[in-house]
Amino acid sequence: MSPTFRAFKVRNFRLYASGAIISNVGTWMQRVAQDWLVLELTHSGTALGIVTGLQFLPALLLGPYAGLIADRFPKRTVLTLTQIAMATVALTLGGLTIAGVVQTWHVYLLALLFGVGTAFDAPTRQAFVVEMVGRDELSNAVGLNSASFNAARLLGPALAGLLINWIGTGPVIMINGFTYAAVIVSLRLMRTGELHTPKPAARDKGMIRDGMRYLWRRPDLMMVLVAVFFAGTFGLNFQMTSALMATSAFHKGAGEYGILGSILAIGSLSGALLAARRVRIRARLVIGAAVAFGLLEIVSALMPTYLTFALVLPLVGLTSLTMLTSANATMQLSIEPTMRGRVMALYMTVLMGGTPLGSPFIGWIGQVMGARWSLIVGGGLTVLGTVGSVLYFSRRRGLAIRPRLLPRPHLEVLPQTELLGEKAVVDAPDVPQKKPQVA
């Protein structure tokens, strides 16, 4: 089997991936349909940002508790319940839209409820991957999961754009409600004896605080988390910024908007497949990809036409997925198994929880200053936040970072005192290394 797809040799993971690809296509269809519905109801970028923010708000408020649930209860059961909850919300929104009675506040409320399901689903899903494939194949499975998600992104938005024109937004949202059945069936068909299930964490006081303290003692992981926070809060608002660019900057319709999502997914899928081939993931890859993503987002905002904007999007997708897959693998491979649910919940809280703050702000920027500025500001804040994270947490670890142009552009990491004559690796939290590393 090709190294890119080696995790598929595990039967349980094959089942999971089969259900996930169907559900992911439906999810992307609903995202496009929901955004288009909001624009039809309000014609407001701010309203679009509010809906996106409400959908991610529960991740900010409930993320740590969701991680505790993931550590204390069987993950297959938790995932089954979250699929049922999200399907119910999708079917309700679709039904209201088909009936012609949907109002903006309906979308707000159901986006919030959908976010509750996602808040409990995301950390459990992330922690469940290693139980299916084990540590040796974890980085490959994370990359393949991202590839599945972005293969769905390649098909889902374009399909949604066509179906919105043919049958309307309501039926498209309804379709997503039915796709959750695929994940439920795949979970029920798994062989539990082949899962690498750790002993559930015993109930104790202060378990959430323990997870937070564990992370704070790891500056290497905190550096990754802060970079992911800035990217997730201000940069990863594609469904909103693409809608604003398609409608406001280029005066296009639903079909062209859906195509932008598929074009973005070409780069994202490429980044995920490249990540699946990597055996070792370094934190410096997260940092480099985050900076490149922010800069490319700014470049995309400066493109003069719909075509040139579309041509830059694959590079934006590639760098964003490189950042996310390497950050995910870095976190999971660096933590204790009994802490995995709580730490991954905090990771998902950081990744998704900033959206309720960033998305309305970026939407407001797009409405007041223009669609292009939503990308310029989002990309700029991503770069500044990532660079600031590296500088601060490197100082906490007693490291100095210097740019070098030869033999190729890279970052050299050394002790600040330079008295020992040793050079350190960004990824090693405790022990300095003698060989210089490049970023």
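Reader: Which residue just after helix 4 takes a positive phi?

Author: G134 does, with a phi of about 85°. Helices here are DSSP runs of H or I with at least four residues, strands are runs of E with at least two, and both are numbered from the N terminus. This is a predicted model, where local features need pLDDT of at least 70, side-chain atom pairs count only at pLDDT 80 or more, and totals for chains, interfaces and linings use all residues. Residues are numbered from 1 along each chain as its sequence is written, and side-chain values use heavy atoms, leaving out hydrogens and water.

Reader: How many helices and strands does the protein chain have?

Author: There are 15 helices and 2 strands.

Reader: What span is expected for helix 4, and what span does it reach?

Author: The expected span is 1.5 Å times one less than the number of residues. Helix 4 covers residues 104-133, 30 residues in total. The expected value is 44 Å, and helix 4 reaches 43 Å from first C-alpha to last. That is close to the expected value.

Reader: Why is A345 called buried?

Author: Its relative accessible area is 1%, which falls under the cut-off, so A345 is buried. A345 lies in helix 13, residues 340-353.

Reader: Which residues does A345 touch?

Author: Contact means heavy atoms within 4.5 Å. A345 touches G63, A66, G67 and P123, not counting residues up to four places away in sequence. A345 and L60 are 285 residues apart in sequence, with 9.8 Å between their C-alpha atoms.

Reader: Is T386 buried or exposed, and what is the value?

Author: T386 has a relative accessible area of 0%, so it counts as buried. T386 sits in helix 15, residues 371-396. Its contacts, leaving aside neighbours within four places in sequence, are A227, I287, A290 and V291.

Reader: What makes K75 buried or exposed?

Author: The value for K75 is 10%, so K75 is buried. K75 is in helix 3. It touches A70, T124, A127, F128 and E131, again not counting residues up to four places away.

Reader: What describes two packed helices?

Author: The angle between their axes and the distance between the axes. Axes are lines fitted to C-alpha atoms over the stretch in contact, and angles run from 0 to 180 degrees between N-to-C directions.

Reader: Why is one word used for helix 3 and helix 6, and which word is it?

Author: Helix 3 (75-99) and helix 6 (169-188) pack at about 165°, with axes 7 Å apart. Angles under 35 degrees are roughly parallel, over 145 roughly antiparallel, 65 to 115 roughly perpendicular, and the rest oblique. So helix 3 is roughly antiparallel to helix 6.

Reader: Which helices do the buried residues of helix 6 pack against?

Author: Helix 1 (11-42), helix 3, helix 4 and helix 5. Those buried residues include T169, G170 and V172.

Technical notes:
Buried < 20%, exposed > 50% of the residue type's maximum accessible area, 1.4 Å probe, protein only.
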